[in-house]
Amino acid sequence: VTVLVGAVTFGIRYRKNFNYEIRAERGHFFAPRVTGTEISEALEFIRNSTQPNEAVAVLPEGSDLTFLTGRRMPLRHQILIPGLMSERDEQDAIRSLRQSHVRYVLIVNRPMREFGQEAFGRDFYTQFGAWIEANYRLVKVCGRTQKANPQIGDSQFFISVFERSD
């Protein structure tokens, strides 16, 4: 009886909190509404702006966006938590984006406070972030944010889309 009550309770909570269905070429899932619309918008952008199997970088985490759209993540590390990459790994990541001719980099508002640092490119992996800033330009923000160039750590969830400048 306890297991049955627990299963029903968790099922109701899950459906209440994860109530935004996201459908893509390679699967579907339910997400919280506060992030679901932005994820759907990013998936649609990837589908409409890139070719199947094209390399798209999603940072600091979000390789599910490339998987769900049939694109590929060109980096060795799929999730860039603080302390995972060395300076040499950062240079390898830059080289990988350059060699793969990555046209789009998506940066997800995913603060990494639980790892002791907040923002990709500002607090950790600063060389990689500076290289992206120098070589890409903001073309779209997925989400309803009041700022033209929102920053990781802002209270509202968003996904910034950067396009290669050259």
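This is a predicted model: local features need pLDDT of at least 70, side-chain atom pairs count only at pLDDT 80 or more; totals for chains, interfaces and linings use all residues.
Me: What makes Arg 103 and Glu 54 a salt bridge?

Reply: Their side chains meet at 3.1 Å, N to O. The rule asks for a side-chain nitrogen of Lys or Arg within 4 Å of a carboxyl oxygen of Asp or Glu. The pair therefore qualifies as a salt bridge. Side chains of opposite charge can pair when their charged atoms come close.

Me: How do you know that this pair links distant parts of the chain?

Reply: Look at the positions. Arg 103 sits in the loop between helix H4 (87-99) and E4. Glu 54 sits in the loop between H2 and E3. The two are 49 residues apart.

Me: Why is Arg 103 called partly exposed?

Reply: Its relative accessible area is 30%. Buried is under 20% and exposed is over 50%. The value for Arg 103 falls in between, so the residue is partly exposed.

Me: What makes Arg 137 and Glu 163 a salt bridge, and where do they lie?

Reply: The closest N and O atoms are 2.9 Å apart. The limit is 4 Å, so Arg 137 and Glu 163 form a salt bridge. Arg 137 lies in strand E5 and Glu 163 in strand E6, so the pair ties together parts that are 26 residues apart in sequence.

Me: Which of these words, buried or partly exposed, goes with Arg 137, and which with Glu 163?

Reply: Arg 137 has 44% relative accessibility, so it counts as partly exposed. Glu 163 has 18%, which is under the 20% cut-off, so it is buried.

Me: What about Arg 122 and Glu 118: how do you know that they form a salt bridge?

Reply: Their closest N and O atoms are 2.8 Å apart. That is within 4 Å, so the pair is a salt bridge. Arg 122 is partly exposed at 43%. Glu 118 is partly exposed at 21%. Both residues belong to a network of salt bridges that also links Arg 113 and Asp 123. By this rule the count comes to 13 salt bridges.

Me: Why are E3 and E5 said to stand at the edges of the sheet?

Reply: The open sheet has four strands in the order E3-E4-E6-E5, with mixed pairing. Strand E3 (56-59) and strand E5 (136-142) each have a single partner strand, so one side of each is left without a neighbour in the sheet. The twist averages 25° from one strand to the next.

Me: What makes E4 and E6 a pair?

Reply: Strand E4 (residues 104-108) and strand E6 (residues 159-164) share five bridges in the antiparallel sense. At least two are needed, so they pair. Val 105 stands opposite Phe 162 in E6. Helix H2 (residues 33-49) packs on the sheet and touches E4, E5 and E6.

Note on methods:
Residues are numbered from 1 along each chain as its sequence is written. Side-chain values use heavy atoms; hydrogens and water are left out. Axes are lines fitted to C-alpha atoms, for helices over the stretch in contact, and angles run from 0 to 180 degrees between N-to-C directions. Contact means heavy atoms within 4.5 Å. Buried means under 20% relative accessible area, exposed over 50%, partly exposed in between (1.4 Å probe, protein chains only).
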